[in-house]
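Visitor: I have a model open and want to learn how to read it. Where do we begin?

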Amino acid sequence: MELKQWDMVRKLVWVLPLCLFTFLPSAAQSWASKAAKSVFTLKTFDQSGNLLGSTNGFFVSEEGDAVSCFTPFAGAVRAVVIDASGKELPVEYMLGANEMYDVAKFRVSGKKLQPLTLASMNAATGQQAWLLPYSVKKPTPVNGQVDKAETFQEQYAYYTVKMQMPDNCVGCPLLNDNGEAIGLMQQPAQQGADQSYAISVRFITDMKISGLSLNDAALQKTKIKMAMPDAQDEATLMMMMAATTMDSIGYAGVINDFIAKFPNAEEGYINRAQLAFNGLNFAAAAADMQQAISISDPKDNAHFAYARMIYQKEVYASDVPFAEWSLDKAAQEVKSACDINPMPTYQHLLAQILFAQKKYDEALSLFKQLDNTDLKGAEIYYETARCYEMKGDTVQMLALLDSAVNVYSKPYLKEAAPYLLARATARMDAGKNRLAVQDLNEYENLNPTGLNANFYYLREQAEVAGRQFQQALNDITKATEMEPNEAIYHAEKSSLESRVGMYDEAIKSARECIRLAPGESDGYLLLGLALCQKGNKAEGLPQLQKAKDMGNAQADALIARYR
């Protein structure tokens, strides 16, 4: 090749790259103007309305789905985006967040927004890339080259780009030659560095809210509420979790969002009715339950839920008037449920309502039927025993309480505790006090830290009747220690101490009883008795006389004995 020709080729080799880099910006301008409408500035605010943080982001759907950095959302109670036309749009919901990669997905309030088209594939090493800054004027894309495309979670790319990122471009989109978004720009290692970083936009858009998102550590750091999941079962799970993890205001917001998204789902109205019920707003609860019944199909669960709500009100809040509800109304609702689907659970509620109505024979018949269903167990035995108790059949009652306790084997589970306590009190009433003490001992083993003074007083009563005096002294002493200002415990302690010949202790306990309840006669009676038993009639008889003057019926006999 002649020297002149070689010079021409060499010049061409140097000119071609220059032409290429001159041409690509022009090509980028063909999509840049349209793509620029997708880029926005994000601003977040704290509870007082102060600016908390700002960054950039871009739309990824016409419905207002958008992506950005997460950092400005931490602690924010409100956020807005300012689009390329200068219009301000409020952020409505969080759709996902990842604190480790500092990304967030959310939805803004707006119509027919201009989203970026997302690339279907990750960009490859060596591929040209373009950063599109936020601008209310004609944008100027910044050219770079993918230096690394590191794969994470098997399908997403984390990009290192040969590019000096301009100021205030964190959160802006990284695009390929076709103007398709491949990544979201992240904070550079240092300002003015020759390398920039971006995370795959598909990683952000693939984030979804689920029923368990209320436990998401990142989303818990922002006060902007999260969206309701698209799947109804996931949304129902979120609503259930909100009931135990959020305050009543936050929970009410979740319920209202559920109803707005699933207006024909009974669960939303039932949960909102229960929230109103908890606040004693029975009229609002009734309205929501009627709505739940009207839209549900089948309607048995809604009728059952309404019946249970009315029953709970009539049994546990009967002092709060609400004319529309009664036990008859509860029975009517649960019978409607049974007519549609005679489930044992529905029949169980009906039996409980009949018992509350004092229709013991009808309730007993139903409870016996339930003994042949999957509900058979300690609770059914206990409730059947209560029917026999009301009918005065102590033998059958005790037999069923035995069955309730025998559902569990030793060592007992904590679930056996209420049935042990019920059998203990029934045994005390039947004069089987030592057996009652055994049940109360087991009950104590299952509740080592949750017992009150009344429990020890109750067991002391059984122990005294069973002539287990040392145990009784221990228990009544425990009761006085737990509630030292309760006069009745000191009175009981004085009586027992006198009974076992501990007269000095009895005198001291009686004086404490008088100090706590000077207007009651028991303390004076017990003090007079203990003094007389010790041989000090001179001081004891005036105390007994004082008890008599205060109307104590036992005083006359004691005065006659010691005079």
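Guide: Begin with a pair of strands. Strand 4 (residues 78-82) pairs with strand 5 (residues 88-98) in the antiparallel sense, over three bridges. Keep in mind that this is a predicted model.

Visitor: What holds strands of a sheet together in general?

Guide: Strands of a sheet pair through backbone hydrogen bonds, either parallel or antiparallel. Here is one case to look up: Ile82 has Glu88 in strand 5 as its bridge partner.

Visitor: Which residue in the hairpin of strand 4 and strand 5 takes a positive phi?

Guide: Gly86 does, with phi near 90 degrees. That hairpin has five residues between the strands.

Visitor: How many bridges join strand 5 to strand 6?

Guide: Six bridges join them, and the two strands run antiparallel. Strand 6 covers residues 103-108. Look across from Ala97 and you find Ala104 in strand 6. The hairpin of strand 5 and strand 6 has four residues between the strands. Asp102 takes a positive phi near 55 degrees there.

Visitor: Now the barrel. In what order do its strands close?

Guide: Trace them one by one. Six strands close into the barrel in the order 7-8-9-12-11-10, with antiparallel pairing. From one strand to the next, the twist averages 40 degrees.

Visitor: Pick one pair from that list. How many bridges join strand 11 to strand 12?

Guide: Four bridges join strand 11 (residues 181-186) to strand 12 (residues 195-200), and they run antiparallel.

Visitor: On to the helices. Is Asp257 buried or exposed?

Guide: Start with its place: Asp257 is found in helix 4, residues 248-261. Then compare its accessibility with the cut-off. Buried means under 20% relative accessible area. Asp257 has 13% relative accessibility, so Asp257 counts as buried.

Visitor: What is Asp257 in contact with, leaving aside its neighbours within four places in sequence?

Guide: Tyr93, Lys225 and Met228.

Key. Residues numbered from 1 in each chain as written. Predicted model: local features only at pLDDT ≥ 70, side-chain atom pairs only at ≥ 80, totals over all residues. Heavy atoms only, no water. Pairing = 2+ DSSP bridges. Axes fitted to C-alpha atoms, helices over the stretch in contact; angles between N-to-C directions. Buried < 20%, exposed > 50% of the residue type's maximum accessible area, 1.4 Å probe, protein only. Contact = heavy atoms within 4.5 Å.
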